[in-house]
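Let's take a walk through a protein together. Keep the sequence and the 3D view side by side as you read.

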Amino acid sequence: MAVKINEFGPLSADFRLKFIAIGGNSGQWNKTYGRVVTYIDRPKAIHLKNKRPSRSWATQKENMYKKTILLISSLITMFIIGCATTTTEPSASDLITAEPAPTDIPDETEPTAISQEPTTEADEADEADKPAAPSLDLGNTQWDLISIGDIDVSAAGITLDFSTNNEMGGQDGCNSFGGTYEIDGEQFIITAPIRSTLMMCGDMAPSDRFNAAFATITTVSLNDNQLVFESAEGKLAYQPAAHSSLQNTTWTLTGISNGEAVVQMAIDPTIFMMIDGNSVGGNAGCNSFGGDVSFDNSQLTFDALFATEMYCAEEEANQREAEFLTALPKVSSYIIIRQQLTLFNDTGDMIATFSEQQPAGLADQLWVLQQYFVGGDAAVPAPTDTLIYFEITPDNMIAGNSGCNLFNGAAEITADMINLSPLTTTRRACPNEIGQIETAVLNFLTTAQTFEQHDQNLLLFDENQLLLAQFTQAETQTLFVGPEQVDCEGVAPQKCYLVKETADADYTYFYDQINGFFWEKGYEYELKVSIHQPSEPFPADSSSLIYSLLEIVQQTPMSE
């Protein structure tokens, strides 16, 4: 039977002799430098020459007899080995290991022995039978991009989220995008053109760099909790997205179901909730509410809900509050993705969406009163013709206007605790109505114990967590007012100020009033004013902004 001896390195002299003995020749060995590829059909006769001096015939006959016996034994042994090789072919490494160490030193020009076993047909078959490496399952995972190649883009806000049906989407640092994908082993395949919004942003460099890289992705892998994509523009490395906690987070409403679908809206800072342990509390827009809550993994239920019963003047606010309080008892489950909370009912329909709002801090902001609450009665809106406000400096000093008098004092603020007592005020005599408002303002400022900040709104609470007042963050602006008023046409004929925002600009008509400002003809004024939205909607024929005087910076008489 044929025996195939595969390629291997230089062998010992003994093995080369045995190779020749079973049918090879020394010329083949020398020409192939020890790499033997030969087939042996059967053992060949061996012709041994006697190189020793002549001996007696008996001695020679005895020696020939011994050699014949030895030759027959060798042939039988090789025949057995040949039969065995029909079942399993020996590898080159097996043959090398079975022989004694070389007794001669190979020439330096000869190749050295190969240390690893060559691949056989059986090895290749085994390799083909091995199952392919499983593909990554990225369903329901969210990732934040931290680098493209060697460039750190962690601050660019580039995200990538995967759903369970091979859909993906995210933010490229400026625009939203989405598409579909498949993963085959390590291959990442975008199966349809990526869809994207087309907004322009201030710095488009991170977005452009990401889009160029993402379009050329070839493979994906998960290494040390990092999701890594290979692309023509370098590696895209993602880390798992950070998600807000359900508890001890103030969630502000961003969408509410109308019975058919969730209607997204601008963030309403007056509708919010916070879960603390097994309790929930917050504000439904006009009334405060509270109750019990239980949750386990993704399950969430609200029970024993209650709310105050104050009257809300705005019909739209009443309707939204009713929808919100009606939706909460229907909640069965929730999901939090990054800073977004979504609530579902027991059939999996979306009920409401919330967003976590990061407060900007109380200091260096102008806080203007929107409404306040007295003894649990209906909310009292702030007067529109008087600015009630305060400011807190970085060194924790408070100063403001309580409606008629100015006040100041020290402010102690730690986490969500606030203490503004005592306050020092001026002693100007005030009209009866504004005097009553001022008394209420000073009372709730000095009794406030805790606060909550929601976007541009600030809520003050007493020691029993009863809502005392709501303030809104106002803008400040410098206005230059001219020495003349002019006739102008708004909803009806009226007198308008001539106003400009910088000293070298042209005057324009100003149709609004500036609360607390008393204009006198013949003077040019430089004013510092506050601008904020009213707590209740104005009539359609009036402005949606309230301008209030903070300070007359300069009053200059104009020559005639």
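A strand, in the sense used here, is a DSSP run of E with at least two residues, and strands are numbered from the N terminus. With that in hand, find strand β20, which covers residues 366-372 and holds tryptophan 367. Please remember that you are looking at a predicted model.

Is tryptophan 367 buried or exposed? Its relative accessible area is 0%, and buried means under 20%, so tryptophan 367 counts as buried. Now look at what surrounds this residue. Setting aside neighbours within four places in sequence, tryptophan 367 touches several residues, including Gly361, Tyr389, Asn457 and Phe471.

Next, turn to helix α7, residues 315-327. Within α7, the residues Glu321, Phe324 and Ala327 are buried. They cover an arc of only 130° around the axis, which puts them on the same side of α7. An α-helix has 3.6 residues a turn, so residues three or four places apart point the same way. The buried residues of α7 pack against β11, β13, β14, β15 and β19.

Finally, step back to the whole chain. The protein chain has 8 helices and 35 strands, and buried residues make up 35% of its 560 residues.

Notes: Residues numbered from 1 in each chain as written. Predicted model: local features only at pLDDT ≥ 70, side-chain atom pairs only at ≥ 80, totals over all residues. Heavy atoms only, no water. Helix = DSSP H or I, 4+ residues; strand = E, 2+ residues; numbered from the N terminus. Expected span 1.5 Å × (residues − 1). Buried < 20%, exposed > 50% of the residue type's maximum accessible area, 1.4 Å probe, protein only. Arc of directions from axis to C-beta. Contact = heavy atoms within 4.5 Å.
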